[in-house]
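Okay everyone, let me put the model up on the screen. Have a quick look, and then I'll walk you through a few spots.

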Amino acid sequence: MKKTVLLLLILLCFFHSGSSESKNWHEKRSTHFIVYFRNAPLKFVYKVIDKAEDYYRDIADSLGFRRYQFWLWENRAKIYIYDEAQGYQQATGSPKWSYGHVMPRDKIIHSFYNERRFIDQILPHELGHIIFREFVGFENTSIPLWLDEGVACYQEFRRRPTADAIVRAAIEKGKFIDLERLSSFTSRSMADDETVQVFYAESVSLIAFLIAEYGNDRFVVFCRRLRDKKDFLEALKASFRVEGLKQLEEAWKDYLFR
Ligand SMILES: [Zn+2]
């Protein structure tokens with residue numbers, strides 16, 4: 001149980017703007033990325049580069065986003081691999097349970113050497129945030145936290161099937177967070193481990209539901225409307241013919257128990 005909660009907690013990540021100090025780092029460059037590292041083994045660094053290039057292509061495809069801004073030359077994303085948790089936490093001001101940090105506008109990701117989480121979870125999750133925000137707008141306040149985190153979690157290896165099971169269990173145990181409440185969630189609403197776990201599970205389950213039920217094309221239309229009109233309920237109605245959060249919640253629950 002503790003392990004599951006920890007894995008979910010790592011996905012709470014921080015957004016802030018600013019620049020990173022790139023002095024005293026080794027670096028390796030690929031077409032779309034610059035990876036900075038200190039003592040991480042080269043084999044690991046090359047694996048990070050390979051996977052980052054794969055995710056760069058696959059994440060936009062999985063969401064149906066067409067890319068207009070390519071991450072080339074000076075526009076490449078930067079990935080900082082710290083040697084250990086402490087250095088990462090000090091540099092980013094992240095709490096002890098945090099394993100990944102993202103600055104979407106600057107396309108900068110910070111994490112530390114830890115192969116399993118870095119490659120399969122942190123990297124796709126943080127890249128998901130950047131790609132999504134690049135599409136809907138960095139300052140777009142009509143995006144609820146669940147949509148942002150749901151899209152990011154949707155990219156993680158094996159996250160979706162477990163999420164649906166957690167949501168079904170939450171409904172049965174009376175721990176379900178209704179969509180009205182979910183939509184007003186901020187990082188301050190994460191009162192305890194169980195709330196965090198249910199929040200993330202619901203977020204990714206909703207994204208998986210929208211894409212499976214309505215298809216990528218309509219999901220893209222929904223995101224485009226959010227980008228252009230910036231009204232959540234209007235975008236919901238125009239894209240999925242769903243009238244309000246209650247109706248969306250009912251359709252999603254039907255899908256979960258189908
Ligand atoms: Zn996140």
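**Strand 2 and its partners**

So, strand 1 (residues 26–29) pairs with strand 2 in the antiparallel sense, over four bridges. By "pair" I mean that DSSP finds at least two bridges between the two strands. Helices (H or I, at least four residues) and strands (E, at least two) are DSSP runs, numbered from the N terminus. Before I go on: this is a predicted model, where local features need pLDDT of at least 70, side-chain atom pairs count only at pLDDT 80 or more, and totals for chains, interfaces and linings use all residues. Residues are numbered from 1 along each chain as its sequence is written.

Back to our hairpin: three residues sit between strand 1 and strand 2. And which residue of strand 2 is the bridge partner of Lys28? That's Val35.

Strand 2 also runs parallel to strand 3 (residues 77–82), joined by five bridges, and Phe33 stands opposite Ala77 in strand 3. To get from strand 2 to strand 3, the chain goes through helix 2 (residues 42–63), and this β-α-β crossover is left-handed. Right-handed would be clockwise from the first strand over the helix to the second, with the strands pointing away from the viewer.

Last stop: Arg224, in helix 8 (residues 193–228). Arg224 counts as partly exposed because it has 15 C-beta neighbours inside 10 Å.

Conventions:
Buried ≥ 20, exposed ≤ 12 C-beta atoms within 10 Å, placed from the backbone.
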